[in-house]
Amino acid sequence: MPNAPDFVGGLINVRGYVVPLADLRVMFGMKRPEPDQDTRIVVMEVDMDGEPTIAGILADKVHDVTEIEAASIEEAPKVGMRWRPEFIEGIGKRNGGFIIIPDLNRIMQCEISPEEEEGPS
């Protein structure tokens, strides 16, 4: 796509709307496995330059789609996280487990070079 960041690999059609498709693995300098039967596209609304924008995000696998109550979200710990803290909105609790909640608005608004990121590989 012309003038798009490298992690925006193309466009998809979602109910007649043209939607950018982002691959966060590319953004974070990670290898992207070949799509398989578990690969999914998660369509969500993110804030881009102050405008609500529909975007598709590639996911290796989706276990569940749910809402997490704000009261059950806590700040991410300062140590032990493999992701950069500014990209974590919080840690949610659900069914006795923990869910890392990425700050997709912040992630989508910046472009990271692989040498800047210390995330999982």
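Which residue forms a salt bridge with Asp38, and how far apart are the closest N and O atoms? The first point below answers this question.

1. Lys61 is the partner of Asp38, with 3.9 Å between the closest N and O atoms of the salt bridge; the term denotes a side-chain nitrogen of Lys or Arg within 4 Å of a carboxyl oxygen of Asp or Glu. The pair joins distant parts of the chain, since Lys61 lies in the loop between S4 and S5 and Asp38 in the loop between H1 and S3, 23 residues apart. Lys61 is partly exposed at 46% relative accessibility, and Asp38 is partly exposed at 28%. (Buried is under 20% relative accessible area, exposed is over 50%, and partly exposed is in between, with a 1.4 Å probe and protein chains only.)

2. On the basis of the work: this is a predicted model, in which local features need pLDDT of at least 70 and side-chain atom pairs count only at pLDDT 80 or more, while totals for chains, interfaces and linings use all residues. Residues are numbered from 1 along each chain as its sequence is written, and side-chain values use heavy atoms, with hydrogens and water left out.

3. On the overall fold: the protein has two helices and seven strands, in the order β-β-α-β-β-β-β-β-α from the N terminus. Helices (H or I, at least four residues) and strands (E, at least two) are DSSP runs, numbered from the N terminus. Of the 121 residues, 26% are buried. The protein exposes about 8,800 Å², of which carbon and sulfur atoms supply 50%; accessible areas come from the Shrake-Rupley method with a 1.4 Å probe, and for residues only the protein chains shown count as cover.

4. On the other salt bridges: the structure holds three salt bridges. Asp60 and Arg25 meet through their side chains at 2.4 Å, N to O. This pair also links distant parts of the chain, with Asp60 in the loop between S4 and strand S5 (73-74) and Arg25 in helix H1, 35 residues apart. Asp60 has a relative accessible area of 32% and Arg25 one of 22%. Glu74 pairs with Lys93, the closest N and O atoms being 2.7 Å apart; Glu74 is in strand S5 and Lys93 in strand S6 (residues 88-94).

5. On the loop between H1 and S3: Thr39 is found in this loop, and its side chain reaches the backbone nitrogen of Asp36 at 2.9 Å. Beyond its neighbours within four places in sequence, Thr39 is in contact (heavy atoms within 4.5 Å) with Arg32, Leu58, Ala59 and Asp60. Glu34 belongs to the loop between helix H1 (24-27) and strand S3 (40-48) and is exposed, with a relative accessible area of 68%. The C-alpha atoms of Glu34 and Asp60 are separated by 9.6 Å, although the residues are 26 apart along the chain.

6. On the nonpolar core: the largest such core has eleven residues, including Ala22, Val46 and Phe87. A nonpolar core is a set of buried Ala, Val, Leu, Ile, Met, Phe, Trp, Tyr and Cys residues joined through side-chain atoms within 4.5 Å. H1, strand S4 (51-59) and helix H2 (104-108) each supply at least two residues of this core, and the largest share, three residues, comes from H2. Leu104 touches Leu24, Met44 and Val46, not counting residues up to four places away in sequence.

Key:
Polar contact = N/O pair within 3.5 Å; in protein donor to acceptor, adjacent residues only side chain to side chain.
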